[in-house]
Amino acid sequence: MDLPYRRLFLDILNNESLFRSEKSRDSDSIQNKTGYSGSGSTIFNDYFYIKKNMNNNSVYKFISVPLSTDKFNIKMTEPLNWKLSSDTKVIEKFRCQKAEVEYGGRRWIAWFTEEISIPEGPYIFNNLPGLIIQISDKNKEYVFQLIKIKKYYHKELYTTKMGKEITQNEYEKIQIDYYNDPFAFVKSQNLKTVTDDGMGGTKKLDFREMTQVIRERIRENNNPIEINHNIEYKP
């Protein structure tokens, strides 16, 4: 199965890191300048936003509820018990060493380099003796690979609001509530909603029709990184 390619950024500054999509990064920059941010995806699994503090080893996953202004965060506490291997290979001109870990119900294989002595990596992965150049789960349903290293010239990371801290159980309830009624927030705010009519104009959004479209997309993309917290959505 061909995996969709997405540009994701790992920005590191003053012992903090931020892992996010290119769209989120641009949105954060716009929000910092104007106070407004762009809209996100209509499904949770499209959203990658992790903030790590290397001083206290804290890891937070930021959550933006689609089609609303609600924001939350979860403190990620599942330990990463890395097992280092003697296997080595060269990736992107860096001499890398292999390491493995169990996380989120998956077995992950990582390749890190001590040539860049930053104990960081994509998503929640960190605390190896160098930068993680590549990491994938055993079935390669998720593959993160370094493409380019650039100097970060900004004086801050421009982070989105963390929102309220919640538990994993609360997060799962939020996802189920959203699946049951994706437009609950829109309806509660009595917001005007229109869509393209196919002839260069607009028409009133059919909530029932679009709800079915979003539900189908959620079911088709129901493969979270933390597969041990997968939700069984009913048609």
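Ile-116 touches Phe-94, Gly-130, Leu-131 and Ile-149, where contact means heavy atoms within 4.5 Å and residues up to four places away in sequence are not counted. This residue sits in the loop between β8 and β9, the strands (E, at least two residues) and helices (H or I, at least four) being DSSP runs numbered from the N terminus. Ile-116 has a relative accessible area of 16%, and it therefore counts as buried (under 20%, with exposed over 50% and partly exposed in between, for a 1.4 Å probe and protein chains only). Although Ile-116 and Leu-131 are 15 residues apart in sequence, their C-alpha atoms lie 5.7 Å apart in space.

The model is predicted, and local features need pLDDT of at least 70, while side-chain atom pairs count only at pLDDT 80 or more and totals for chains, interfaces and linings use all residues. Residues are numbered from 1 along each chain as its sequence is written, and side-chain values use heavy atoms, with hydrogens and water left out.

Strands of a sheet pair through backbone hydrogen bonds, either parallel or antiparallel. Here an open sheet of six strands runs in the order β1-β2-β3-β4-β5-β11 with mixed pairing, two strands being paired if DSSP finds at least two bridges between them. β1 and β11 (164-165) stand at the edges with a single partner strand each, so one side of each has no neighbour in the sheet. The partner of β1 is β2 (residues 16-21), to which it pairs in the antiparallel sense over six bridges, and Phe-9 has Arg-20 in β2 as its bridge partner.

Rolling a probe the size of a water molecule over the atoms shows where empty space is left. On a 1 Å grid over the protein atoms alone, a cavity is a set of points where a 1.4 Å probe fits but cannot get out, whereas a pocket is an open set with protein on both sides within 12 Å along at least five of seven lines, and lining residues have an atom within 4 Å of a point. Grid points are joined across faces, edges and corners, and a volume is the space filled by probe spheres set on the points.

The largest pocket holds about 1,700 Å³ of space. Of its 44 lining residues, Arg-6, Arg-7, Leu-8, Phe-9 and Phe-19 are the closest to its centre, and β1 (8-13), β9 (131-137) and β10 (143-145) are the elements that each give two or more residues to the lining.

There are two cavities of 30 Å³ or more. The largest has a volume of about 330 Å³, and the closest to its centre of the 25 lining residues are Asn-45, Lys-61, Tyr-171, Gln-175 and Pro-224, with α2 supplying the largest share of the lining, five residues. The second largest cavity, with about 40 Å³ of space, has Lys-61 and Tyr-171 among its lining residues, and here β4 gives the largest share, four residues.
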